[in-house]
Amino acid sequence: MDIDAWVWWLIGAVGLGIPLVLTAMPEFGMFAVGAVAAAVTAALGGGVVAQVLVFVVVSVALIAVVRPIANRHRDQRPQHRSGIDALRGRTAVVLERVDGSGGRIKLAGEVWSARTLDSDTSFEPGQSVDVVEIDGATAVVM
């Protein structure tokens, strides 16, 4: 039983697709596309050298072009903040006197324990304060 070279390349492409699915490493997918391109070259009558060259060129080109684009998209952070990050920089209303040792504020519709950033400063009920950070369950304000 003599199997054509293009069939071997397709078997190689499937073989490269399996680790792509198991490890989620897109490089395996790029190599699989290179193997499919080599299979097309073999089916069109290209020699072994041409097949290997097509495999290498297509695989390297995909890695060189697609990988930086994918990394750029992966590194972009979402523009919306959530959790405690969304509370930083917001304005709150003092409910009970807030000083360096504690107090209460209303932040985003909820009552929070709070303390001032500067221990010498204090805020009276009704005043507006800015949330600098969240320390555990305590808002640090100024």
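These legends describe close-up views of a predicted model. Local features need pLDDT of at least 70, side-chain atom pairs count only at pLDDT 80 or more, and totals for chains, interfaces and linings use all residues. Residues are numbered from 1 along each chain as its sequence is written, and side-chain values use heavy atoms, with hydrogens and water left out.

View A. A kink of about 25 degrees lies at V66, shortly before the proline P68. The bend is the angle between axes fitted to the seven residues ending at a residue and the seven starting there.

View B. R115 pairs with D135, their closest N and O atoms being 2.9 Å apart (a salt bridge is a side-chain nitrogen of Lys or Arg within 4 Å of a carboxyl oxygen of Asp or Glu). R115 lies in β3 (residues 110–116) and D135 in β4 (residues 128–135), so the pair ties together parts that are 20 residues apart in sequence.

**View C. A salt-bridge network.** R97, D99 and E124 are linked by salt bridges. The closest N and O atoms of D99 and R97 are 3.0 Å apart. D99 is buried because its relative accessible area is 18%, whereas R97, at 42%, is partly exposed (buried is under 20%, exposed over 50%, partly exposed in between, with a 1.4 Å probe and protein chains only).

Notes
Helix = DSSP H or I, 4+ residues; strand = E, 2+ residues; numbered from the N terminus.
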